[in-house]
Amino acid sequence: MIEWRLTPASLAECSPYAKWIARRHPREVSVEQYIEPYVQPIVTPENSTYALEALFRLKGSDELPVRLFRQWKDSGYVRTIDLAMVTALRSALSATRKRMRVAMNVSALTLETAPDEYLAELGALSDVTRRVIVEITDMASTDNLTTLVGFAHRCSTRGIYVALDDGGLCRDTLLAVRPNFVKIGAGVVDEAFSANDPDALRDAVKGAHSLGAAVIAKNVDSAQKLDFVRTAGVDLIQGHCISHPMPLTSWLDPAVRKT
């Protein structure tokens with residue numbers, strides 16, 4: 001059975017890399033050594049890349065360890081993972097010497113317990129990027145809206161953009177946080193698409209625009225849905241119909257990116 005903490009012993013079954021590192025470093029290793037950020041482009045309706053979203057992956061595996069993430073959230077270990085992910089991403093970007101807009105997720109639980117530490121990590125990441133976009137997730141897991149509003153304000157003063165997922169968020173929350181972006185997920189997109197009701201999606205887009213937020217349609221997984229969200233007036237698009245997640249080095253290779 002795989003335990004929830006990132007240690008050589010607990011991850012020996014997760015990927016070939018974890019097995020290798022478990023043999024070489026059986027006791028002490030930094031968490032970020034296990035992480036290989038994958039990226040997925042966020043594009044304009046004209047298919048121009050606006051930013052890359054960095055996605056958590058364990059080295060040696062191209063799949064998200066969903067079960068582990070649930071355990072990390074339940075245990076509070078997600079704070080360690082969120083901080084390590086920023087460090088791993090900064091290291092990967094520094095090696096490319098390319099300055100890009102990058103987006104990444106952070107759990108609201110992390111911002112409740114370590115807002116200063118996480119903001120400091122984002123500041124260091126900003127030094128190697130064109131712009132940082134931080135998407136606050138797990139909003140339903142916290143009642144501490146004051147902390148999140150304060151974090152969003154501090155991001156704004158540092159030139160860091162904030163994104164929120166629209167799932168389950170009330171307008172009052174969006175008004176309080178004032179995100180730069182609202183992400184509309186598969187549930188809203190699929191429901192409107194299945195009903196052939198672009199007006200429903202347009203209403204969601206207009207609602208976000210009324211708050212000064214741009215709209216990202218995520219999890220767009222077919223050419224038909226791509227045309228649909230374009231028609232509805234979203235500002236940016238993300239999903240498998242654009243590109244599957246891949247290692248940063250692969251995305252930077254034009255030959256790989258076009259396949």
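Biologist: At what angle do H3 and helix H5 (residues 115-126) pack, and how far apart are their axes?
Modeller: H3 and H5 pack at about 10°, and their axes are 9 Å apart. Axes here are lines fitted to C-alpha atoms, for helices over the stretch in contact, and angles run from 0 to 180 degrees between N-to-C directions. So H3 is roughly parallel to H5. Angles under 35 degrees count as roughly parallel, over 145 as roughly antiparallel, 65 to 115 as roughly perpendicular and the rest as oblique.

Biologist: What should I know about the model and the numbering?
Modeller: This is a predicted model, where local features need pLDDT of at least 70, side-chain atom pairs count only at pLDDT 80 or more, and totals for chains, interfaces and linings use all residues. Residues are numbered from 1 along each chain as its sequence is written, and side-chain values use heavy atoms, with hydrogens and water left out. Helices (H or I, at least four residues) and strands (E, at least two) are DSSP runs, numbered from the N terminus.

Biologist: Which residues in H3 meet H5?
Modeller: Arg79, Asp82, Leu83, Val86, Thr87, Leu89, Arg90 and Leu93 do, and their partners in H5 are Glu117, Tyr118, Glu121, Leu122, Ala124 and Leu125. Contact means heavy atoms within 4.5 Å. The contact of H3 with H5 has 8 nonpolar, 1 polar and 5 charged residues. Ala, Val, Leu, Ile, Met, Phe, Trp, Tyr, Cys and Pro count as nonpolar, Asp, Glu, Lys and Arg as charged, and the others, Gly among them, as polar.

Biologist: Moving on to H10, how does helix H8 cross it?
Modeller: The axes of H8 (residues 186-194) and H10 (residues 223-232) come within 11 Å and cross at roughly 95°. H8 is therefore roughly perpendicular to H10. Val189, Asp190, Ala192 and Phe193 in H8 meet Gln224, Lys225, Phe228 and Val229 in H10.

Biologist: And what about helix H9 and H10?
Modeller: The axes of H9 (residues 198-210) and H10 come within 8 Å and cross at roughly 55°, which means H9 is oblique to H10.

Biologist: Is that crossing left-handed or right-handed?
Modeller: The crossing of H9 and H10 is right-handed. A crossing is left-handed if the near helix is turned anticlockwise from the far one by less than a right angle, and right-handed if clockwise. On the H9 side, Pro198, Leu201, Arg202 and Val205 meet Phe228, Val229, Thr231 and Ala232 in H10. By class, these residues divide into 6 nonpolar, 1 polar and 1 charged.

Biologist: Different topic. How much space lies in the largest pocket?
Modeller: About 920 Å³. On a 1 Å grid over the protein atoms alone, a pocket is an open set of points with protein on both sides within 12 Å along at least five of seven lines, a cavity is a set where a 1.4 Å probe fits but cannot get out, and lining residues have an atom within 4 Å of a point. Grid points are joined across faces, edges and corners, and a volume is the space filled by probe spheres set on the points.
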